[in-house]
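Happy to walk through this one with you.

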Amino acid sequence: MGGLRRHLVLGGATAVAAAVLGPLVGILWWWIVPRDETTVGPGGELQPPEPTTLLFLDEAYFSVLGAVVGLVCGILAYLAQYRASAASGTDLRLAGLVGVTLGTGLAAVLAWRTGLALDAGTVARAMADAGEGDTVPVAMELRAYGALLLWPFTAVLQYGVFDAVSIIRRDLGHHRGSRPPVTSGPRSDTE
């Protein structure tokens, strides 16, 4: 039962730590993304914005933030499970992988919803103060929902790269104390 408990604790802690970053990244996304503007028409209706590259910057900024934070989450999750595996003598790689996958997936959704919620208030205030002919910011959107998968994808990819390096080097955390020493040079049959 102790092994299962270790897996659940590590996986849960990893998922929660990654998910907490979601709203913070959502605030950052809302704060840094450049806004396109549109004109208020007769009757308070918004005119369609001119087609510009600014319409696609919402997705671009979200994707870049997700990729960068996903890489950091993958590194930190692997290092955390490596230390926990070494300390307990239990292989916790799967728990760390599942935790970082679920946590970053939830974090991406929380970042998206937080950014849109903050932006809705900003656009609503601008619309309330605007008259006909005034310009107001266009509401942020995430039309490419695949951007939500970028954060967990890069986290899992980075985690896998670190795991592959550890396997090749034969320095997995749960085997550190029990592995034979690495010798340099070829071994002969007479040794």
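Q: Why is L76 called exposed?
A: The relative accessibility of L76 is 53%, and exposed means over 50% (buried is under 20%, partly exposed in between, with a 1.4 Å probe and protein chains only). L76 therefore counts as exposed. Do keep in mind that this is a predicted model, where local features need pLDDT of at least 70, side-chain atom pairs count only at pLDDT 80 or more, and totals for chains, interfaces and linings use all residues. Residues are numbered from 1 along each chain as its sequence is written, and side-chain values use heavy atoms, leaving out hydrogens and water.

Q: Which helix holds L76?
A: L76 sits in helix α2, residues 57-88; a helix here is a DSSP run of H or I with at least four residues, numbered from the N terminus.

Q: What makes up the largest nonpolar core?
A: A nonpolar core joins buried Ala, Val, Leu, Ile, Met, Phe, Trp, Tyr and Cys residues through side-chain atoms within 4.5 Å. The largest one has 25 residues, and W29, F62, C73, W112 and W151 have the most contacts inside it. Helices α1, α2, α3 (93-129) and α4 (147-169) each supply at least two of its residues, with α2 giving the most, seven.

Q: Leaving aside neighbours within four places in sequence, what is W151 in contact with?
A: Contact means heavy atoms within 4.5 Å. With those neighbours set aside, the partners of W151 include L21, V25, V69, C73 and T104.
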